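Thanks for asking me to look this one over.

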Amino acid sequence: MKRLLRQLALKPSTTVALLFSSFAANILALVPAIFVILVLNRYVTYGVDATLVTLASAALLSIVFEFVFRRLRYSTAAEIDFDGQKQLNNRIFVRVTRSKLGLLGQIPAGTLRGLFGGVEQLRAAYSPASICSFLDAPFALLFLFVLYLISPPLCLVTALVISALVLLILLQLNGLSELGRNINKVSTVKGQLASNAIETPETLRVFDLAGFVQKKSEKVSTALDALQSRLLNRQDLTQTTIKAFTGILTVAVITVGAVLVVDGHLDIGEMIGANILAARALTPVVALCQQTEIWKRADQAKQTIDDFERISFEKMDGSAFENYRGNLEFRDVTFNYLARETPVIEKLSLSLGSGEVLCVTGANGAGKTTLTKLVTGLLEPTEGYISVDGVNLKQLSLEWWRKQIIYLPQEPKFLEGSVRENFQAVNDGISDAQIRELLADVGLDEEIDKSVGGLDQGLNTSGSSLSLGVRRRLALARALIHKGKIAILDEPTEGIDAKGASHVYNVMSNLSKEGITLIICSHDNDVLNGAHHVLDLDDGERPTMRTVTH
């Protein structure tokens with residue numbers, strides 16, 4: 001609620017328009033009750049048809065105007081953009097895709113997916129309808145005031161019933177926040193298990209893990225069902241309580257009103273009109289109480305989103321060379337992941353000239369892939385720096401720098417879509433002929449053409465529909481779209497058969513002949529034999545680059 005009030009305070013002209021339309025609509029909402037009172041007290045008593053026609057016409061006209069003012073209010077409320085909420089989904093998407101990878105990697109995937117769900121929570125909580133419900137709540141006092149003018153005892157009865165109902169609703173809603181958080185946590189686990197079933201079908205079958213995952217899924221589903229049953233039970237209890245108190249309010253008003261009528265302090269028309277006013281006073285108060293819990297959950301989601309939006313972006317602006325020559329230097333570069341006690345790379349210094357080939361070796365976890373991510377700017381050195389043609393990489397535009405790199409990651413990933421779309425995403429102007437030329441460079445042109453769909457063949461993010469060797473060569477063909485002066489290839493021949501590997505060797509040879517600087521992470525002897533320099537990350541605490549004599 002505080003967020004709503006703060007936002008309304010920032011837009012005084014809009015707030016005035018909302019308040020005016022709310023006032024007009026709720027004043028007009030008094031007319032049906034007044035109509036009942038006048039009809040029962042005047043027309044029924046005197047039987048003048050002209051009086052009934054006049055009263056009915058006025059009542060119908062007021063209903064039309066109330067409808068118009070409420071629609072105007074809704075349209076005005078729809079224009080309010082809470083803290084840029086209409087662009088929030090895009091902002092989160094941009095931050096997920098542009099945040100520093102080292103920081104983003106510390107956030108569980110389930111939490112990242114939940115951010116987009118939080119956006120929908122905020123939209124629902126601060127929708128035009130919820131704003132209108134909030135604006136209607138204070139006018140319950142207007143209905144109570146008019147009811148007081150008709151009969152103070154009936155006003156007191158109505159106020160007492162409404163107060164009791166509000167107290168019960170708030171008590172029932174207490175604890176729903178914790179229940180909602182637990183449901184979100186369990187739903188995340190259930191989603192992860194579903195991802196396991198979809199993304200790791202071979203592992204589940206070969207290692208006979210289907211039973212294990214199914215048992216875990218059943219356990220999580222049972223827990224989720226129990227939590228959701230509790231939530232639905234609480235919600236039904238609240239709705240049932242509201243309906244019960246609506247009936248109690250009618251009984252109380254009519255009972256007390258009947259006594260007042262018999263005692264001569266009230267007439268029949270006023271009693272029935274008072275019952276209508278009591279119901280109109282109850283409705284907005286109940287709606288506000290229910291909305292309070294929704295706002296509370298939305299504010300929790302907003303806090304999570306705000307925390308996420310504090311993650312630093314990658315630095316995309318900076319300098320750029322008109323002609324990058326391909327020189328690269330590491331100066332005492334150290335990098336450490338937060339989860340490790342010791343640096344994965346420590347005090348590494350090396351220098352590569354244009355067109356030179358460096359082969360990086362080392363055991364798993366020695367830092368080969370980390371080194372490639374440092375060069376591509378996906379990670380930043382903890383200490384030291386990397387220079388490009390003598391300029392610190394931190395001073396360069398990453399957008400420009402990455403276009404200078406031919407990059408093959410260790411675990412190639414693709415966009416959901418066709419082969420063609422994955423190439424066009426890198427260069428939207430690339431033609432089918434150019435795509436086939438790149439595929440021919442890695443020996444995949446015939447294979448893709450013979451596949452179902454050809455260039456329209458669908459790929460998932462992991463490319464699991466393709467063999468590892470085909471997947472790696474397809475990623476290499478995509479990397480070659482960038483006509484950069486430096487190539488970073490992480491295990492380019494791993495999982496590739498001899499025929500496929502020959503195409504990869506030819507690509508690397510051609511790149512070297514073109515004067516492209518190559519950094520290749522590999523244990524392949526053919527690659528090692530063709531390198532100018534070798535960096536063995538297993539070689540002591542401070543590995544150094546050694547030159548290979550051919």
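**Notes on the predicted model**

1. Let's begin with helix H13, residues 210-262: its 53 residues reach 76 Å from the first C-alpha to the last, close to the 78 Å expected at 1.5 Å a residue. Please keep in mind that this is a predicted model. Just after H13 comes Gly264, with a positive phi of about 85 degrees.

2. Which residues of H2 are buried? They are Thr14, Thr15, Leu18, Ser21, Ser22, Ala24, Ala25, Asn26 and Leu28.

3. Four strands make an open sheet in the order E2-E1-E4-E5, and the pairing is antiparallel. Strand E2 (345-352) and strand E5 (391-392) stand at the edges with a single partner strand each, so one side of each has no neighbour in the sheet.

4. Within the sheet, E1 and E4 are joined in the antiparallel sense by five bridges. One to look up on screen is Thr334, whose bridge partner in E4 is Glu383. Helix H15 (residues 368-376) lies across strand E1 (328-335), E2 and E4, and runs at about 120 degrees to E1.

5. How many bridges join strand E4 (residues 383-388) to E5? There are two, and the strands run antiparallel. Ser387 stands opposite Asn392 of E5, while Val388 stands opposite Val391 of E5. E4 and E5 form a hairpin with two residues between them, and Asp389 in the turn has a positive phi of about 50 degrees.

6. On to the aromatic rings, where the structure holds nine aromatic pairs. One is Phe321 with Trp400: the ring centres are 5.4 Å apart and the planes stand at 80 degrees, so this pair is edge-to-face. Phe321 lies in the loop between helix H14 (268-308) and E1, whereas Trp400 lies in helix H16 (residues 398-402), so the pair ties together parts that are 79 residues apart in sequence. Both Phe321 and Trp400 are buried.

7. Another edge-to-face pair is Phe335 with Tyr337, so classed because the ring centres are 4.8 Å apart and the planes stand at 85 degrees. Are these two buried or partly exposed? Phe335 is buried, with a relative accessible area of 7%, whereas Tyr337 counts as partly exposed at 31% relative accessibility.

8. Two last things to find on screen. Phe321, Tyr324, Trp400 and Trp401 form one aromatic cluster. Elsewhere, Arg95 lies over the face of Phe313, at 4.0 Å from the ring centre.

Conventions
Residues numbered from 1 in each chain as written. Predicted model: local features only at pLDDT ≥ 70, side-chain atom pairs only at ≥ 80, totals over all residues. Heavy atoms only, no water. Buried < 20%, exposed > 50% of the residue type's maximum accessible area, 1.4 Å probe, protein only. Pairing = 2+ DSSP bridges. Contact = heavy atoms within 4.5 Å. Axes fitted to C-alpha atoms, helices over the stretch in contact; angles between N-to-C directions. Expected span 1.5 Å × (residues − 1). Phe/Tyr/Trp six-rings, centres within 6.5 Å; stacked < 30°, edge-to-face > 60°. Lys NZ or Arg CZ within 6 Å of the ring centre and 35° of its normal.
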